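I opened my notebook today to look at how one chain packs together.

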Amino acid sequence: MKIAMLGTGIMGFPMARRLAEKGLQVSAWNRTKAKAAPLAAYGVRLAPTPADAVAGADVIATCLTDAEALRSVLLARDGILEAAPGVLIMDFSTSSPEATRVLAEAAAARGRSPWIDCPVSGGPSAAASGSLVAFCGGNAADMATVDPVLKALTRRFTHMGPSGSGQGAKLCNQLIVSATMIAISEAVTLAHAFGIDPARLPAALAGGYADSLPLQIFGPRMAAETLEPRISEVATMLKDVREVASEGRQEGLSLRLAETLELIYSTAETKGFGGDDLAILPRLSQPARRPDTSRFADKILSAT
């Protein structure tokens, strides 16, 4: 099977490499060419344009920043709908259900191209090992076409319903994940305040109600403030949280946690952390000065 991968960033790069390692023929394009260049060592054909990347492809996979980036690649004069009409588009990007439905309809109308929205969860390490979790939306009959791709990249994939359903499931996922990241970051800061080595928290909490995959991956990174190599990005999480909050408002829902998370991640971006790994989040809760505990001590002593 020939796969065109458009977008080789934090997630797209290990996905393209994994597909090549599993024996699929992969061509790749990225707006910043240097990010895709190392894929050549894995047998990936590097393409100068999206149109060149999709030439002869059986499946076009996209892993781009947002719906606008995807729209520009699809609908440009030399876009992929003109270059490869009728080829199934498998979108790994995270965007809104509505934007996905609009783009899927445009693909069907202008290029006769089937569409599967297929956002994933698990991060770059899961992409590299083929253990992602995927949420798929689209025509159930088209799932058979992308089966080899999904089996190479995921440990589990679920067809959630028609176009946009995969994106809806991913936004539910991101609401939970974004909240968990803030909780972990504040727990790391709190541990410091208690004189506890926060690096011990992941092992200490393992198997309990507070345990999670994000805790085991990001707990050590936050404790040590390991920002490189980046395996996530504050700006990307902010984009997703904004989408969750926006969808909630459009549906007339009272998603108080989503609204709060939007504010917290916006604050992180305002502080200049937008391009940083999520491991930087504990800085948001660090005190500007050490609090005066003498009043509390005096109160306890006077009570005795």
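**Entry 1: the core**

I looked up the largest nonpolar core and found 33 residues in it, with Met15, Leu19, Met90 and Phe92 having the most contacts inside it. A nonpolar core here is a set of buried Ala, Val, Leu, Ile, Met, Phe, Trp, Tyr and Cys residues joined through side-chain atoms within 4.5 Å. Buried means under 20% relative accessible area, exposed means over 50%, and partly exposed is in between (1.4 Å probe, protein chains only).

I noted that this is a predicted model, where local features need pLDDT of at least 70 and side-chain atom pairs count only at pLDDT 80 or more, while totals for chains, interfaces and linings use all residues. Residues are numbered from 1 along each chain as its sequence is written, and side-chain values use heavy atoms, with hydrogens and water left out.

Which elements supply at least two residues each of this core? I listed strand 1 (2–6), helix 1 (12–21), strand 2 (25–29), strand 4 (59–62), strand 5 (88–91), helix 7 (123–129), strand 8 (132–138) and helix 8 (143–153). Helix 8 gives the most, with six residues. Helices (H or I, at least four residues) and strands (E, at least two) are DSSP runs, numbered from the N terminus.

I then picked Phe92 and, skipping residues up to four places away in sequence, found that it touches Met15, Ala61, Thr62, Cys63, Cys118, Pro119, Val120, Val149 and Leu153. Contact means heavy atoms within 4.5 Å.

**Entry 2: Gly166**

Gly166 sits in helix 9. I marked Gly166 as buried because its relative accessible area is 0%. Leaving out neighbours within four places in sequence, I found Gly166 in contact with Asp117, Pro119, Phe135, Cys136, Gly137 and Met160.

**Entry 3: helix 9 and its partners**

At what angle do helix 9 and helix 11 pack? I read about 45° for helix 9 (residues 165–193) and helix 11 (residues 213–224), with their axes 10 Å apart. So helix 9 is oblique to helix 11. Axes are lines fitted to C-alpha atoms, for helices over the stretch in contact, and angles run from 0 to 180 degrees between N-to-C directions. Under 35 degrees is roughly parallel, over 145 roughly antiparallel, 65 to 115 roughly perpendicular, and the rest oblique.

Next I checked helix 13, which packs with helix 9 at about 55°, with the axes 10 Å apart. Helix 9 and helix 13 are therefore oblique to each other. In this contact, Leu175, Ser178, Ala179, Met181 and Ile182 of helix 9 meet Leu257, Ala258, Leu261, Ile264 and Tyr265 of helix 13.

Is Leu281 buried or exposed? I put Leu281 down as buried, because its relative accessibility is 1%. Leu281 lies in the loop between helix 13 (256–270) and helix 14 (294–303). Apart from its neighbours within four places in sequence, Leu281 is in contact with Met181, Ile182, Ser185, Met222, Val234, Tyr265 and Ala268.

My last stop was Asp240, found in helix 12 (residues 234–250). Asp240 counts as buried too, at 4% relative accessibility. Not counting residues up to four places away in sequence, I saw that Asp240 touches Thr94, Leu171 and Gln174.
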